[in-house]
Amino acid sequence: MVSVKVLYFASARDAAKNLEYETVTLSEDTGPRMTSVVDAITRRHPGLAAVLQTAAFSHNQVYCSGDDLEDIQVKDGDEIGIIPPVSGG
Amino acid sequence: MERPKISELRDQLHSLRKQELEIEAQILALEAEEQSTAQKASDRLTNEEIRRYSRQLLIPEVGTEGQLKLRNSSVLVVGTGGLGSPCALYLAAMGIGRLGLVDHDVVDQSNLHRQVLHTEASCGFSKVLSAVTSISRLSSLCETKVYDVLLDSTNARDIIGGYDIVVDATDNAATRYLINDACVLSGIPLVSGSAVRLDGQLTVYNHNGGPCYRCLFPTPPAPDAMANCSETGVLGVVPGVIGCLQAMEVVKLATGRKVNEDPSMLLFSYRSQPHFRSVKLRGRKPTCAVCGDEPTVTKLIDYVAFCGAGPNDDAPQWKLLEDPTHRISCERYREVQDLSDAGVGGKHLLLDVRDEVQFTICQLPHSVNIPIDQFDTRRKELEEAVQSLDGAPVYAVCRRGNLSQMAVRYIRDQLGYEQCFDIAGGLVAWQREVDAEFPAY
């Protein structure tokens, strides 16, 4: 089992019941990817689906894009950020 | 001599403040006629500058050399709102030599809680005039140039091209992509800030091999998913925090310090502990559409089409209800209200579908509040309210007449109740067309 901490920023937080962060435990024993994390949080918070389409992500405080998710393996204790663009001002 | 009354003195001050704006407008008009007399780069500080910037000169990171670099730098601030206000004020205060300000908006009362360049006296005046008035009060050393235009694909490169650094202090996605592309194509670093509700972001783009805005966010947000200040609100100080940090990044760029930093994105939230988090960015993305190795965007494009939304933070006007008989005008609802108040018919349910926060700000008499996003969870309550009407009509209302159309659809399609209508244009239209005393927000 792999547990990761997911941080929700801006509108992602609004879509995730105003949670600043939460722990997500993945059932896969070997080699879960960032995509598994994204799938898991979308199941928990269906409202996130629209936000995730244009969001950026971070893996252990390093930026990654939606295209990278399949390639990034997550380990126990990793921190993942969901970062939708903020446009206002 | 009779002592003047406080209220008379206040009136006098108010009219002097308006006069100040009018004099600034005359100066701007005369300056526009004259040939630009751009200050020449200078290699020493005047005695006045030494006195004025002494506290900053004492900082080794700035010093005389850094202060001269600020003095010889030009910065374009696009947007003089919540972000641009503190940013432009600090840039002028810290001694940036030449400041350009772009805005096409007019100062409105609802700007004042965050747009600290603007004042009660400047409501109704153009934002650039209001901004230049505040800045000239603060510093006569800062040369300002204003652009009272909507930045678009036809003018962006001409305007941006004359500056060393660009600050994105705008409020919408279309203009963010436009400014990004114009900066990439012109090779100018971009200090980008954004803020809405309680959250903000800050990144320096297109600098020293780092990414551009498109590298990070290749896909524009869907218009409906895009939150903006006029719809979802913003805590006054949040853009203030980000705007100040934008001014700080400008100082680092202008003094040459920024080249020693790896690219990063700063995330700010009022509601998180810690308030700030930072994400490391990679370099320029080789596949980026504008700054990549084989760019597909080689000149400015149609950004309104690209984003599916206009270059403003106005709310979209939906047209969900195709049948016009499913909607009534505010004027028509007033007649229903009059009949109902007089007790001669007009039985109905006025259903306000805004969220509770908005409902508490103001509401029409006898309205019942069930927010649209609670329709599913409070379906039983909604059904009972509708059934008890014995066929009398339901009128759904919201702020602008968008959500109320969704509500009408729900009640007609899901609950099968045909006597349901939307008050077109919502409370904004009600205030405009029926009751000027009704609060506008």
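Residues are numbered from 1 along each chain as its sequence is written, while chains are lettered from A and ligands numbered from 1 in the order in which they are written. Because the model is predicted, local features need pLDDT of at least 70 and side-chain atom pairs count only at pLDDT 80 or more, whereas totals for chains, interfaces and linings use all residues.

**Chain B as a whole**

Select chain B, whose C-alpha trace spans about 85 × 75 × 45 Å along its principal axes. Chain B has 17 helices and 13 strands; helices (H or I, at least four residues) and strands (E, at least two) are DSSP runs, numbered from the N terminus. Of its 441 residues, 41% count as buried, where buried requires 20 or more other C-beta atoms within 10 Å of the residue's own, exposed 12 or fewer, and partly exposed lies in between, with C-beta atoms placed from the backbone. Colour next by domain, with bounds that come from an automatic or database domain assignment: domain 1 covers 12–31 + 40–307 and domain 2 covers 324–433. The C-alpha centres of these two domains of chain B lie 43 Å apart.

**Strand β2 and its partners**

Now select residues 98–102 of chain B, strand β2, which is largely enclosed by the rest of the structure because four of its five residues are buried. On one hand β2(B) pairs with strand β1 (residues 74–78) of chain B in the parallel sense over five bridges, pairing being counted where DSSP finds at least two bridges between two strands; here B:Leu76 has B:Gly100 as its bridge partner. On the other hand β2(B) pairs, again parallel and over five bridges, with strand β3 (residues 143–147) of chain B, and B:Leu99 stands opposite B:Thr144.

**The cores**

Show B:Ala88, B:Val166 and B:Val167, which have the most contacts inside the largest nonpolar core, a set of 104 residues; such a core consists of buried Ala, Val, Leu, Ile, Met, Phe, Trp, Tyr and Cys residues joined through C-beta atoms within 7 Å. A second, separate core of 22 residues includes B:Leu351, B:Leu382, B:Ala396 and B:Ala424.

**The five-stranded sheet**

Move to the open sheet of five strands in chain B, with the order β9-β13-β12-β10-β11 and parallel pairing. Its edge strands, β9 (327–328) and β11 (367–369) of chain B, each pair on one side only.

**B:Trp430**

Select B:Trp430 in helix α17 (residues 426–433) of chain B, which counts as buried because it has 22 C-beta neighbours inside 10 Å. Not counting residues up to four places away in sequence, B:Trp430 touches B:Cys330, B:Asp435 and B:Phe438, contact meaning C-beta atoms, placed from the backbone, within 7 Å.

**The contact with chain A**

Finally show both chains, whose contact takes 20 residues from chain A and 41 residues from chain B. On the side of chain A that touches chain B, at least two residues each come from elements including α1 (10–15), α3 (48–52) and β5 (79–83) of chain A.

Technical notes
Two residues are in contact if their C-beta atoms, placed from the backbone, lie within 7 Å.
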